[in-house]
Amino acid sequence: MGAGIAQVAARAGYEVVMRDVAQEFLSRGMTAIDKSLQRDVDKDRLSTDEKGAILARIRTTTDVGAVSDAFIVVEAATEDLKIKSEVFRTLDEVTQPDAILASNTSSISITKLGAVTRRPDKVIGMHFMNPVPVMKLVEVIRGAATSDETYGRTRTLAEKLGKMPLECQDSPGFISNRVLMPMINEAICALYEGVATRESIDGIMRLGMNHPMGPLALADFIGLDVCLAIMNVLHDGFGDSKYRPCPLLKRYVDAGWLGKKTGRGFYEY
Ligand code: CAA
């Protein structure tokens with residue numbers, strides 16, 4: 001998702017530093033950006049020169065110090081509180097004191113991430129949806145200490161990126177995943193119980209509810225490890241058994257069948 005965020009920011013005219021822990025992830029990200037922009041070139045919505053200019057605005061690096069001049073950093077690391085907390089601690093050290101530290105987390109507490117920094121008023125959730133260049137929404141999440149100024153600046157930035165910012169408070173799963181993930185989990189439970197085939201479950205939701213993808217295909221698209229991590233956050237956060245992750249979801253994650261990114265999930269790719 002980091003690559004998608006870098007792409008929309010560069011397309012909106014911003015100079016972007018895309019930082020990751022290893023060069024191979026950066027190369028993969030740049031390939032995805034190139035492919036995504038090429039779709040628009042092929043459809044005559046973007047010239048080859050414009051595409052080149054967008055790519056040139058993205059600098060890749062493994063050095064976290066390279067973001068020291070940024071007015072905002074959008075973190076999109078693995079969905080794990082420990083990892084994200086470490087990233088926020090580091091960002092707090094290396095960035096300018098007035099920089100906003102935003103997280104693209106799908107469910108981790110913004111309040112907790114803010115609390116590991118010396119600027120919790122400047123920590124906010126900026127939750128993009130996949131595929132980032134296509135999806136209109138940015139869910140903007142306010143932590144307990146997020147200031148109105150930080151919220152206003154983040155909102156304005158989301159609009160400049162061509163997105164629709166919609167606000168919510170910090171609560172497990174926010175709105176997007178509190179509503180989406182139990183539906184996906186329920187579809188997995190239905191498959192587990194043998195109520196219907198994967199094709200039938202997805203077809204019913206696509207043709208009957210006009211969802212662009214069925215819930216099982218969508219789970220594969222999001223990543224089954226991410227789906228499980230979000231269900232665990234809902235389960236722990238609310239302490240309500242209705243959020244219990246389906247055993248089949250756990251089994252697939254244990255097997256390393258994480259969806260599209262590993263070539264196998266509920267479908268084969
Ligand atoms: N980059 C740029 N454009 C892309 C793209 C990409 N990676 N992927 C698709 N597109 C564009 C295509 O060019 C096409 O554009 P036009 O119609 O303007 O020509 C359009 O999107 C539709 O693409 P396709 O015809 O190839 O395929 P599709 O009609 O099956 O749509 C989809 C693909 C947009 C992914 C659609 O299936 C969809 O909306 N799926 C649901 C996605 C969703 O729910 N995302 C949220 C997931 S949850 C999340 O991200 C957050 C979380 O916390 C878990």
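T61 counts as buried because its relative accessibility is 12%, where buried means under 20% relative accessible area, exposed over 50% and partly exposed in between (1.4 Å probe, protein chains only). You can find T61 in strand β2 (residues 58-61). Helices (H or I, at least four residues) and strands (E, at least two) are DSSP runs, numbered from the N terminus. Leaving aside residues up to four places away in sequence, T61 touches V17, M18, R19, D20, L26 and A66; a contact means heavy atoms within 4.5 Å. A polar atom of the T61 side chain also lies 2.9 Å from the backbone nitrogen of D63.

A word on what you are looking at: this is a predicted model, in which local features need pLDDT of at least 70 and side-chain atom pairs count only at pLDDT 80 or more, while totals for chains, interfaces and linings use all residues. Residues are numbered from 1 along each chain as its sequence is written, and side-chain values use heavy atoms, with hydrogens and water left out.

Now to the ligand. Which residues come nearest to the ligand? Of the 18 residues around it, they are S36, K43, R45, H127 and N130, where a residue is near if one of its heavy atoms lies within 4 Å.

| Residue (side-chain atom) | Ligand atom | Distance |
|---|---|---|
| S36 (polar) | nitrogen | 2.6 Å |
| R45 (polar) | oxygen | 2.7 Å |
| H127 (N or O) | oxygen | 2.7 Å |

Taken alone, the ligand exposes 1000 Å², and the protein buries 65% of that; these areas come from the Shrake-Rupley method with a 1.4 Å probe. Helices α2 (23-42), α7 and α9 are the elements that give two or more residues to the shell around the ligand.

Helix α9 has its own buried residues: P215, L216, L218, A219 and D220. They pack against α7, α8 (198-209) and α10. After α9 comes G223, with a positive phi near 110°.

Next is helix α10 (residues 224-238), whose 15 residues reach 21 Å from first C-alpha to last, close to the 21 Å expected at 1.5 Å a residue. That expected span is 1.5 Å times one less than the number of residues. In α10, the buried residues are L224, V226, C227, L228, I230, M231 and L234. Their cover includes α7 (176-192), α9 (215-222) and α11 (247-255). Just after α10, G239 takes a positive phi of about 60°.

Conventions
Polar contact = N/O pair within 3.5 Å; in protein donor to acceptor, adjacent residues only side chain to side chain.
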